[in-house]
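Trainee: Please take a close look at the disulfides of this protein and walk me through them.

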Amino acid sequence: MDYRELRFARAMEFTVREINNRTDLLPGITLGYQIYDSCSAVQMAIKVAFQFVNGVERLFSYTNSCSKSTVAAVPAIVGDSASTPSISMARTLGLFGIPQVSHYATCACLSDKREFPAFFRTVPSDEHQAAALARLVKYFGWTWIGTVRSDTDYGNYGMAAFLKAAQEEGICVEYSEVYYRTQPRSKLERVADVIRRSTARVIVAFLNIGEMRFLLEELTRKQLPPLQWIASEAWITHPEFLRFNICAGAIGFSVPRSIIPGLKEFLLDISPSQAVKSPLLTEFWESSFGCSLKGRTGVRKCDGSEDIRALQNPYTDTSQLRISNMVYKATYAVAHAIHGVICNETTCDKTIKFAQWQILDQLKRVNFTTKNGYQVNFDSNGDPGALYELINWQFKKGGALDFVPVGYYDSSKPRGQEFIMSSAISWMGGQTEVMESVCSESCPPGFRKAVQKGRPVCCYDCIPCAEGEISNMTDSLDCFHCPPEFWPNTKQDSCLPKPVEFLSWDDTLGITLTVFSVAGTFVAICVASIFYRHRTSPIVRANNSELSFLLLFSLTLCFLCSLTFIGRPSEWSCMLRHTVFGITFVLCISCVLGKTIVVLMAFRATLPGSNVMKWFGPPQQRLSVLAFTLIQVIICLLWLKLSPPFPFKNLKHYKERIILECGLGSAIGFWAVLGYIGLLALLCFALAFLARKLPDNFNEAKFITFSMLIFCAVWITFIPAYVSSPGKFTVAVEIFAILASSFGLIICIFAPKCFIIVFRPEKNTKKHLMGKVPSKAL
């Protein structure tokens with residue numbers, strides 16, 4: 001005998017008696033009732049439904065017509081407990097508009113008002129339970145689970161709703177098995193083997209009590225790996241299963257536990273004389289005490305010494321009044337609906353005739369609070385709001401399992417706040433830590449998930465992020481690029497600002513070039529000092545002292561202008577470095593060109609009848625240097641006016657760092673400056689080359705030729721080196737070209753003269769300078 005179902009029936013009987021004793025609800029009206037046992041069988045449920053439609057008397061016609069009894073059909077029905085019988089009854093009763101209020105049929109399919117227009121229930125739909133279970137699984141980080149369900153409407157519809165909710169939560173299912181208690185044992189064994197072999201450590205069981213009992217008994221026959229059970233409300237609070245320690249730590253949702261004042265006393269207020277009057281109570285009494293009330297042969301006769309309070313079974317256990325409260329609420333809902341039809345504010349009309357559709361219409365509107373404080377109303381689908389209690393199976397001090405509430409789920413709360421954990425959970429085997437159940441370990445930051453081909457999305461490989469990409473979350477689906485001015489750290493889980501590279505003053509290369517620049521400036525000043533001190537000597541006078549001093553001044557500027565290329569580029573430094581370099585080098589080459597022309601003119605002036613020197617005297621030399629330099633100044637001014645150089649961050653040359661450099665602005669302007677310098681250098685080289693063998697000791701054309709050869713070689717090799725050098729080395733190459741060509745000029749042109757002035761003063765005479773001049777040239 002199902003003791004829980006008996007308790008449900010007796011709870012309805014208790015509620016009817018309580019209503020009949022009230023003066024504010026159906027005053028003067030006595031409710032009657034009849035209790036039928038469908039035995040959870042569809043055939044019996046349909047039979048009872050037809051009986052309710054035709055009247056309470058059993059009268060059926062086997063012809064095409066259906067005869068009705070003289071007794072009116074019932075106004076409303078409370079039941080059935082199971083979903084499948086309730087579906088069968090609702091299809092029949094709905095055709096006649098007879099309202100049906102179930103206390104335990106949770107199938108989400110019953111919310112369809114087109115198919116079940118007269119169905120109501122006080123227990124939440126499995127649609128809410130499925131969402132709550134999926135949220136629960138997600139809450140504890142389980143993404144790899146197994147499922148098993150009853151092959152009934154309850155199991156199939158409930159599991160379908162759960163799988164849909166689980167997919168939305170990103171939960172993967174390794175297996176989904178189905179079983180019904182009347183199926184062959186081989187099917188049960190196969191389901192148990194699948195559970196044992198699976199890698200998922202969490203199993204969601206949407207099972208009726210009967211299927212759950214068979215499954216647990218089968219699983220205990222052989223060794224079972226540790227499992228975390230997630231239970232549906234059908235079995236999470238069933239005391240029979242507390243004997244299975246393999247379910248220790250099980251969690252699941254159930255309707256809240258409640259207290260119904262007076263129910264316990266009513267249930268226990270049974271005597272043998274009362275029990276013998278009711279077939280249901282007679283069966284209960286005889287099965288509980290193992291005796292016969294009616295003195296059946298071969299069975300001990302009940303002698304009245306039996307104590308119902310000493311029994312320990314689901315009927316007498318009122319510590320977990322959950323579904324019984326749903327019966328209580330359903331019976332009250334029917335009473336309030338009838339009250340709304342036949343009663344006004346003060347009295348009820350006993351003689352009024354009403355149809356079932358009126359009760360149905362009133363049920364849609366009921367909204368009241370029961371005596372034990374529970375709100376009762378129905379939404380447009382005939383469902384109540386979903387409020388669940390989270391139950392955890394924990395070991396008591398004595399070592400036995402017990403039900404412990406640890407949280408709740410309230411669908412009326414805003415999304416994200418429905419699920420609340422109120423106390424600690426004991427996990428499988430009494431552990432305090434949450435077990436893991438994943439197909440693949442989480443991918444740490446710096447990696448992304450790559451789904452394994454042909455497997456669920458929860459099974460994946462962890463792939464390192466590509467160069468320049470990061471992922472800063474665990475289990476990231478994608479890696480993303482850092483912003484242009486950032487670069488990943490070594491773990492590739494965050495973006496760091498790229499280091500900025502430029503030729504700085506404290507850089508080793510910068511220091512080296514600065515030393516050479518300062519050294520060149522010092523050499524130029526020393527040479528100028530020597531020349532100034534010996535300005536009246538023949539060798540200084542013979543080599544055009546005015547152009548020599550101007551050349552030394554321009555070389556000093558050339559050495560110093562290289563310093564403008566060192567340091568962080570700015571708007572002014574970028575404009576200054578290129579223009580100063582271009583102008584000082586043109587001034588330098590103009591002086592050299594002037595000296596070369598002077599050599600050529602001086603040689604022609606020694607020829608009889610020649611007066612060319614009057615056309616290239618000191619004023620003409622100054623004017624030529626000024627004219628050549630002015631052209632470069634004009635080029636630089638146009639460059640600065642139209643498209644000047646500017647500082648910019650080069651993000652393309654290196655991926656992992658920024659090169660801070662000066663953009664040319666106008667490439668034409670830059671190459672025009674260099675081209676003009678090159679043109680003057682080539683012209684100077686050509687003239688010096690022609691004058692290199694002139695027969696005079698003071699002839700410096702051969703030194704100018706060699707210096708121009710070095711100068712051109714440096715700047716010709718500069719072009720490819722400049723284009724191909726990366727980062728700060730581009731600037732270093734340009735500085736090196738400036739210093740090398742400047743040192744080449746000062747060494748080739750002035751070093752021999754300084755050597756004679758300082759170390760060979762005996763050669764610094766006009767006689768020595770003119771001593772080797774051929775007679776034909778004199």
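Mentor: A disulfide is taken here as a pair of cysteine sulfur atoms within 2.5 Å. The model is predicted, so local features need pLDDT of at least 70 and side-chain atom pairs count only at pLDDT 80 or more, while totals for chains, interfaces and linings use all residues. Residues are numbered from 1 along each chain as its sequence is written, and side-chain values use heavy atoms, leaving out hydrogens and water. Searching the whole structure gives nine disulfides. One of them pairs Cys172 with Cys458, with 2.0 Å between the sulfur atoms; this link is right-handed, at 85° about the S-S bond. Cys172 belongs to strand 5 (residues 172-179) and Cys458 to the loop between strand 14 (447-451) and strand 15 (460-464), so the bond ties together parts 286 residues apart in sequence. Helices (H or I, at least four residues) and strands (E, at least two) are DSSP runs, numbered from the N terminus. Cys172 is buried at 5% relative accessible area, and Cys458 is buried at 6%; buried means under 20%, exposed over 50%, and partly exposed in between (1.4 Å probe, protein chains only). Cys443 and Cys462 are also joined, S to S 2.0 Å, in a left-handed link with -95° about the S-S bond. Cys443 sits in the loop between strand 13 (419-421) and strand 14, and Cys462 in strand 15, 19 residues apart. Cys443 is buried at 0% relative accessibility, whereas Cys462 is partly exposed at 30%.
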